[in-house]
Number of protein chains: 2
Amino acid sequence: MVSDRGGLRLMPVVGLPEVQAGDDLGRLIYVALLASDLHPVESDILVVTHKIVAKAEGRVMDLSTVEPSEFSRRFAAQWDKDPRQVEVVLRESVRIVRMDRGIIISETKHGLICANAGVDRSNVAGSDQVCLLPQDPDASARRIADTFRMLSGCVVPVVISDTFGRAWREGLTNVAIGVAGIRPIRSYIGMLDTQGRPLRVTALAIADELAAAAELVMGKVDRVPAALVRGYEAEVGEGSARELIRLPVLDMFR
Amino acid sequence: MVSDRGGLRLMPVVGLPEVQAGDDLGRLIYVALLASDLHPVESDILVVTHKIVAKAEGRVMDLSTVEPSEFSRRFAAQWDKDPRQVEVVLRESVRIVRMDRGIIISETKHGLICANAGVDRSNVAGSDQVCLLPQDPDASARRIADTFRMLSGCVVPVVISDTFGRAWREGLTNVAIGVAGIRPIRSYIGMLDTQGRPLRVTALAIADELAAAAELVMGKVDRVPAALVRGYEAEVGEGSARELIRLPVLDMFR
């Protein structure tokens, strides 16, 4: 009844164990897929939430080891925050974009602009622990893709996702913070519309759309930290999530 | 081989004719689905690009009827734009957010913040014609959903999408500008993470994620202006895309 012509499937990766520092994440995900009778095929794309990547890479910090600065203490006291967590957010930031009402929107070392520099307390084991973003999410994606290739023989591009807020709009969506094996932006420059005229839309952030689509099968409380996308014809290429970050000189909302 | 447990499918709606003012869009899409042997079922979600909605509703303007203001002429001359199109953009705007380098980011009558107030020349028939956003995209979505219910007997929520830029990030993504039949935001307020602690992420803009996901099977040059999403358990409710617009008092990026 259902035609699959040109269609796309999103499949949650279930049954992953609690990820520990040092785990081989690519292998864990591959094993979980096989256990669900899901066999990766060429041109599948794997979307992985940054949280398990950060855990596997030991990017979890114990707040009891953090000495907050005077600035962190003052902001934390004013807005009823943990000063040690504020300190970690500032250490992970290179620039503050907005700092108001207890909210810190900053630019991370990766050039990402997001709340709290991606520092996050949810879904981390210890009550005094916070999770940081991976040091180099493109490299994390590349490692997982390489493991998948070794184990399955298939080239499976990888997208590392995080959940970001947006200017002007309510609610968060998943975006791509790391990429391996696909071009994150699909360019339509020079192409014509159905009427033979140049397109207004010239570049689509398909890595962000893949991350957003994957979120729909992940949820936040079900422990589904990865999803497999089947049927999307991506442009193959090394790619980098840095391509998704607007250059400061072109950014009207710095 | 492929398990569908908890999975999600995105299916392009192909074979739609060129949409004309006055067309019954819900019926056209339904007929196109059946012709592709795609039978909508309860809990499917239909995503429709605003362009065909606007065309069906006659929201196409002939620039030869537009007399540009002095302000429109000056801006257009400075940046090599069509002064009549600049005039239409300003008429569709209630507030300019940024106006630089030939780019106008404004707030529309709907409260949406986007480039050129959504006024768009691509995929419109006449060379002097531009397409405006639907007057009331929630109502447009409601009409299509009602037609679907009448024809198929199924409750199929509808999302009207447009392609927007974002602050700080390169590339465009599809977002929801109209909604009927689902709650556009999924709230996790009060819910606990896998470790029993409150979640950092409290509200996900799932209507925007559905629009982004649907874009992946639409493309820009293939005349696929709608997609059917199957397998997503949405929160049913009347809903409105206005819920996705941040209240000015809470917006740090006005």
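Me: Before we start, what makes two strands count as paired?
Reply: Two strands pair if DSSP finds at least two bridges between them. Strands (E, at least two residues) and helices (H or I, at least four) are DSSP runs, numbered from the N terminus. This is a predicted model, in which local features need pLDDT of at least 70, side-chain atom pairs count only at pLDDT 80 or more, and totals for chains, interfaces and linings use all residues. Residues are numbered from 1 along each chain as its sequence is written, with chains lettered from A and ligands numbered from 1 in the order in which they are written.

Me: Which residue stands opposite L10(A) in β12(A)?
Reply: β1(A) and β12(A) run antiparallel and are joined by four bridges. Opposite L10(A) stands V229(A).

Me: Which residue of β12(A) is the bridge partner of L46(A)?
Reply: β2(A), residues 45–49, pairs with β12(A) in the antiparallel sense over four bridges. There, L46(A) has as its bridge partner L228(A).

Me: How many of the five residues of β12(A) are buried?
Reply: A residue is buried if 20 or more other C-beta atoms, placed from the backbone, lie within 10 Å of its own. By that count, β12(A) (residues 226–230) is mostly covered, and its buried residues number four.

Me: Which residue of β1(B) is the bridge partner of R9(A)?
Reply: β1(A), residues 8–12, and β1(B) pair in the antiparallel sense over three bridges. The partner of R9(A) is R9(B).

Me: Which element gives the most to the side of chain B that touches chain A?
Reply: Residues are in contact if their C-beta atoms, placed from the backbone, lie within 7 Å, and chain B brings 66 residues to the contact. Among the elements supplying at least two residues each are β4 (93–100) and α6 (206–215). With seven residues, the one that gives the most is α6(B).

Definitions and conventions: Contact = placed C-beta atoms within 7 Å. Buried ≥ 20, exposed ≤ 12 C-beta atoms within 10 Å, placed from the backbone.
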